[in-house]
Amino acid sequence: MAARMPRPGRAPHLPARNEARGQRRSRTRSRVRRGPRRTAPVTAALTAAVLAAAPLAVATSARADAPARTSASHGRDPRLMRLIGSMTLRQKVAQLFVVQIYGTSADTTNPADVAANRSLYGVDNAAQLIARDQPGGIIYYGNNVTDPHQLAAFSNGIQRAARAAGHGIPATVAIDQEGGIVARVGPPATQQPGAMALAAGRRTADARALARITGAELRAIGVNQDYAPDADVNVNPVNPVIGVRSFGSDPALVSRMVTAQLAGYRAANVTATPKHFPGHGDADTDSHTGVPVIKHTRAQWEAVDLPPFRAAIAAGADSIMTGHLVVPSLDPSGDPATLSRPIVTGILRDRLHYRGVVITDALDMQGVRDKYGDDRVPVLALEAGVDTLLKPPAGKFATQLDAVVNAVRSGELTEDRIDQSVYRVLELKQRRGLFRDPFADESRVDRVVGTPQHLATARRATDRTTTLVKNDPQPGGDRLPLRPGPRSVYVTGWGTATTATLATEIGRYGATAEAHDTGLSPSPATIAAAVAAARTHDLTVVTTNKAWDTSTEPGHNGPGQADLVKALIATGKPVVVLAVRDAYDINAFPAAPAYLATYSYTADALRAAAATLFGANRPQGRLPVDIPAADHPDRILYPFGHGLAYPRH
């Protein structure tokens with residue numbers, strides 16, 4: 001399917017503007033700033049005491065109308081300036097990095113984790129890395145997570161190591177906890193439905209409440225920054241990396257949901273990070289593996305991609321993440337946005353007046369490594385105007401740290417430029433209260449994480465997201481909802497856990513359900529076995545995951561899921577399709593008689609879907625995107641805002 005722009009009325013087409021052509025990157029090389037000889041480093045205890053004694057007034061935003069920061073100290077907190085002045089160049093540069101680590105504790109001795117950390121950094125664990133290099137932060141991934149208590153202890157170990165190292169500057173502890181399909185911390189923590197699901201529910205109150213809950217639970221386990229929400233406007237149905245991570249294809253809807261989530265995170269005292277500036281929603285390449293080129297004109301970018309970021313800045317976003325994507329209409333140089341001074345400084349800083357922390361997407365992604373070497377990437381990112389460098393490639397942290405230090409010593413970067421970013425990073429840590437108390441209260445984890453009240457809020461919100469897209473008569477004349485009671489149901493399609501969970505939930509309504517996972521790319525033999533099993537049941541419920549991706553190229557799903565659904569329909573037995581990721585799947589099998597979209601496969605989403613099948617939950621979701629025809633992308637099968645309801649009796 002070709003890339004598709006939103007329909008008229010949701011993303012107005014602006015008249016084309018005369019754009020400057022042939023803009024070239026301007027990199028000025030300046031001499032290293034000469035200044036007074038640095039004072040002796042202050043101790044960690046003194047740093048904490050000085051900053052805690054008279055804490056900054058808690059600022060809730062870095063608003064667009066704030067005065068521009070300059071290399072001068074005017075308007076800056078003198079305590080932070082003294083702290084920066086006492087740091088060595090290497091310590092300051094290290095504060096700009098957020099790195100990954102292996103293990104489930106700061107002092108892990110697990111042989112596999114130690115071996116991985118030695119390969120990356122030449123140290124055994126996080127505590128040793130922080131003691132030696134003093135990076136500004138640590139990012140958690142799924143392999144760092146066992147349970148909330150373990151994460152709280154891990155976070156406290158990181159902060160103890162940071163307090164003992166160098167100047168005792170607290171660490172940023174970050175995570176990708178978007179909700180839905182991207183959640184590093186699973187149950188018993190409360191699970192958000194995900195962005196597109198929340199947008200299907202259309203309730204900004206739900207988006208705000210769930211961000212506050214997620215933020216509170218993250219803070220309870222020692223995480224102080226979440227790389228969420230996604231502010232991309234997903235106008236490309238074949239976007240391989242964003243999709244349901246976006247709130248949808250309507251810039252106004254995305255803007256409302258993003259600002260609601262920012263308010264929720266702020267209420268929990270967690271730094272939210274709208275991403276991926278200047279907009280990843282019309283990509284047809286995954287920036288993890290390639291370089292997306294966004295072909296929007298400047299007018300299209302301003303109408304479609306810009307509004308959520310402009311709204312986020314007006315709402316006081318403390319941090320914004322760049323995307324590794326090329327946007328020729330904004331910078332014709334071919335540099336990805338992360339390395340583009342016209343985009344980061346020219347647009348984000350100068351035009352939009354953003355004064356918060358700008359963080360890169362992960363630097364191990366191919367989208368930022370394709371054009372320059374790993375030693376050049378962090379230098380060019382800082383020249384472009386970013387502040388924080390996320391996740392250097394495996395084994396390249398020392399290379400990138402040294403590259404920035406050497407760029408200052410050679411005069412390519414000034415130390416003033418480094419100081420500007422260090423100040424923003426430290427000021428944000430101060431705003432989060434980390435200098436006063438960076439630690440999680442491990443005794444309170446159970447009183448905050450996954451509480452009955454939090455879980456109930458998530459369940460209610462999820463119930464409002466299930467979208468009934470199609471509900472034609474089945475063989476025999478019946479439509480949804482099903483009547484509860486004895487029947488034989490075959491649950492098949494993508495996902496071992498997904499099909500098993502759905503079968504269990506269907507069983508709550510008196511049915512006998514059998515689960516069978518057929519995977520992302522079922523073979524003809526697998527399809528034949530599923531069809532044979534379906535013939536022995538009264539009803540088949542089939543789950544799909546990116547079934548629209550029928551390409552046979554490497555890395556794609558292929559036509560197997562679509563072929564499975566078509567073969568099941570051909571049995572003449574009733575079939576219900578449940579899209580547990582992208583709502584677009586029905587364009588691969590438009591003859592499906594009944595089709596629901598859940599936008600994720602969390603336990604709550606599957607519970608709500610089963611309840612909807614049997615009428616215990618009324619479908620309330622409305623499509624946050626258009627669903628185009630697969631063979632004619634300009635023809636819309638189901639428009640933005642579509643969603644069926646059950647008749648009221």
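Strand S14, spanning residues 539-544, is mostly covered, with six of its six residues buried, in what is a predicted model. In a regular strand the side chains alternate between the two faces of the sheet.

S14 belongs to an open sheet of six strands with mixed pairing, in which the strands are arranged in the order S11-S16-S15-S14-S12-S13. The edges of this sheet are formed by strand S11 (467-471) and strand S13 (512-517), each of which pairs on one side only, and the twist from one strand to the next averages 20 degrees. Strand S12 (residues 488-493) pairs with S14 in the parallel sense over five bridges, and within this pairing Val541 of S14 is the bridge partner of Val491. Strand S15 (residues 575-579) also runs parallel to S14 and is joined to S14 by five bridges; in this pairing Thr540 has Val575 of S15 as its bridge partner, while Thr543 stands opposite Leu578.

H20 lies across S12, S14 and S15 and runs at about 165 degrees to S14, whereas helix H18 (residues 496-507) lies across S12, S13, S14 and S15 and runs at about 175 degrees to S13.

The largest nonpolar core of the model comprises 115 residues, and Ile158, Phe277 and Ile418 are those with the most contacts inside this core. Beyond its neighbours within four places in sequence, Phe277 is in contact with a set of residues that includes Trp301, Phe309, Ile320 and Met321, together with Ala337, Ile343, Ile347, Leu348 and Leu352. Apart from this core lies another, of 35 residues, among them Ala547, Val577, Val625 and Ile627.

A helix pair was also examined. The axes of helix H8 (residues 204-220) and helix H9 (residues 251-267) come within 7 Å and cross at roughly 35 degrees, and the crossing of H8 past H9 is right-handed. The residues of H8 that meet H9 include Thr204, Ala207, Arg208 and Ala211, and those of H9 that meet H8 include Arg256, Met257, Ala260 and Gln261 as well as Tyr265 and Ala267.

Methods: Residues are numbered from 1 along each chain as its sequence is written. This is a predicted model: local features need pLDDT of at least 70, side-chain atom pairs count only at pLDDT 80 or more; totals for chains, interfaces and linings use all residues. Side-chain values use heavy atoms; hydrogens and water are left out. A nonpolar core is a set of buried Ala, Val, Leu, Ile, Met, Phe, Trp, Tyr and Cys residues joined through side-chain atoms within 4.5 Å. Buried means under 20% relative accessible area, exposed over 50%, partly exposed in between (1.4 Å probe, protein chains only). Contact means heavy atoms within 4.5 Å. Helices (H or I, at least four residues) and strands (E, at least two) are DSSP runs, numbered from the N terminus. Two strands pair if DSSP finds at least two bridges between them. Axes are lines fitted to C-alpha atoms, for helices over the stretch in contact, and angles run from 0 to 180 degrees between N-to-C directions. A crossing is left-handed if the near helix is turned anticlockwise from the far one by less than a right angle, and right-handed if clockwise.
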